[in-house]
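Trainee: Could we go through a structure together, with questions from me and careful answers from you?
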Amino acid sequence: MAIEPVVDGALTLSPDDLRDLYASRRFLDETTRRNLGLERCFQVYYKDPLVAAENPGLEIDKKFFVPWEPNIGDGPTSARFVVVDYDSTTNKLEEPARWDSDAKIFRDPKERPVDATIKQSAQFRQVSTWAIVQNTLNYFEGPSGLGRRISWTFEGNRLLIVPNAGYGANAYYDRQSHSLQFYYFDDSDGQRVRTCLSSDIVNHEFAHALLDGIRPYYLEAVSPQTGAFHEFLGDLTAILMSLRNTSFRQALAERTGGLLDSKSGGELLSSVAAEFGRAVGNQEYLRSGANQDKLSKYKDEMEVHALSTVLTGTMFDILVSFTKQYLDRERADGKKLSPKQALAFTVPRMQIIAIQSLDLLPPVEVTFNDYARAVLRNLLIADPGDPRGYRKMIAGAFLTREILTQEEVNELLEPAGLYDRMPGDIAHDPAVIASSRAEAYRYLDDNRDDLYIPHSVDIIVDEVFTAKKMVGRGLFMPKQVILQYLWREDMVLEGERFGPYDGQTTSLLCGATMVLDENGGMLSWARKPGSEPSAKAVAGKEKIDAGNKPNGEEARALSEWEAGKERRAAYLGALARRIDEGMVGEELAGPEGIVGALTPPLIAREAGGQVHFELSPHFHIHDDKVEDKSDVNLHYDPSLRGVRWRTSS
């Protein structure tokens, strides 16, 4: 292998040698990958231009590393992304950044390297936006994360990124156009705000695309908590990606001493989208993880951004607690960890806790309680001994925020086996189940009675795959087989409460996510039952009607049936309320972008003779009850009972 002198900290290798090393990258640690040029350095804002202006030393991160790929091209273009810099307001297509394959850098049309020296250029915006999503995708897919590739929920494998989509105070992910759209606008002082330059906003919107790929049926939900979970993951991703940034983490350690709940700089991490929040809401940031919100405060809340703060605050509390624990920990030499070291240890720990748990969530209609259970279950799988009592600390955080009850905490912390027997009397090899959707379906169909699946429904195998997750440096869990399946339960909407949808048919999504180890042990089984009974539930009901006692399996099936009937009633109640409050309607196109700014939070779509209700990529950020009808940036329609939609997600 011919190795040339070191350039900018990375060895210069021949193209063939670099490709050979790329094929073996999973066996190399981060430092080695960077030294070998398998991760390339680009430049992005630490947070956004406002934070940069107000915090000297936290402007542009000049050591922002992104995994190198053999087929990076102009645009930028890579395996999973393509940047198209089209402005719908000016009808202008900008020149793309050009990839210099020899120097492994991007250049602008004048052949200048794309870096902070040309931060006002379109090419800087193109490259920085692309670099952020490349880095974040790697964080989610890495072994301390999901340990697998994430598929987009649309046809094709490249997500379109539009860094200057047009004029407007907005940014969003849109499945229909396969895109991330970032807009620009002028604040009250006439200063131009570009959402693509905010790392927080880019990460928040990209998290919508990631969650849509991980759980595509969350888009089809009327539950406020499902929409709020989308917003929570966006905000949490923005916070975690800031913490993962080595230079930012060092500055944070110096300012806070590792105490992230301090007022000496902790708000730099907890606050999300400072520039955007200041410009459109006259507030210090759009949202913050440093809050004390409890679920009871938002008991009747339908606005998902407000509701999401409960879960974001919970996870920020957990992050703070981990950092404090690491600060108290001694090294081998007897000295305690420094703030910088404590924060560095917190990063992979939060990745395991927050990101790995996503694979344990049910495939439809997620709740905050579901996520709390997934976090605690994943930690049990990752570290069964739990010598430092992490599960008790995390359960306490969810209890404080009223996401879990004391009874649930007691149940979840009781000593329990690491896995259960794989459900079903007809045995199937997990490796065969993982080989295709067809094989997975045969397992599900053969064992409907034991899986609480009614015989009358057709089972949809959403996805089946294997994952290899890391639980510590060089330590891996056994390979997991993850099976997501669901079915539709038809419902006719009857009554005035459903307004224009009275008499139409929709469907309640039901299903489960099952996580198996390679030997057939069931590690997790997160279910969302329907109101139609399984065969064992029918048998149990017949026994009760005859005055007899059902057996254990029949009793469990009856309990599942009751939970499904409660789900159906809750779904219909939430849908009726959203219709009554004017939160349901059609998607509206307009000149300001691919998705119109007047689109309500819940979109009604016709599909297969039914009406499906889907979360919109657009959400307002201010209170619905705005009295100033003269504000031209707000949409006012008397037919919507005074609701005004201001867009931002």
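Trainee: Which residues form a nonpolar patch on the surface?

Mentor: This is a predicted model, in which local features need pLDDT of at least 70 and side-chain atom pairs count only at 80 or more, while totals for chains, interfaces and linings use all residues. Residues are numbered from 1 along each chain as its sequence is written, and side-chain values use heavy atoms, leaving out hydrogens and water. A patch takes residues with over 30% relative accessible area and no salt bridge, nonpolar side chains (Val, Leu, Ile, Met, Phe, Trp, Tyr) being joined within 5 Å. Together having about 260 Å² of accessible area (Shrake-Rupley method, 1.4 Å probe), the residues are V84, Y86 and L93.

Trainee: Is L93 buried or exposed?

Mentor: L93 is found in strand 7 (residues 92-93), a strand being a DSSP run of E with at least two residues. Buried means under 20% relative accessible area, exposed over 50%, and partly exposed in between. Because the value for L93 is 58%, this residue is exposed.

Trainee: Which strands stand at the edges of the open sheet of four strands?

Mentor: The sheet has the order 5-10-12-11, with mixed pairing, where two strands pair if DSSP finds at least two bridges between them. Each edge strand has a single partner strand, so one side of each is left without a neighbour in the sheet: these are strand 5 (81-83) and strand 11 (171-174).

Definitions and conventions: Patch = residues over 30% accessible without salt bridge, like charges linked within 9 Å, V, L, I, M, F, W, Y side chains within 5 Å. Salt bridge = Lys/Arg side-chain N within 4 Å of Asp/Glu carboxyl O. Buried < 20%, exposed > 50% of the residue type's maximum accessible area, 1.4 Å probe, protein only.
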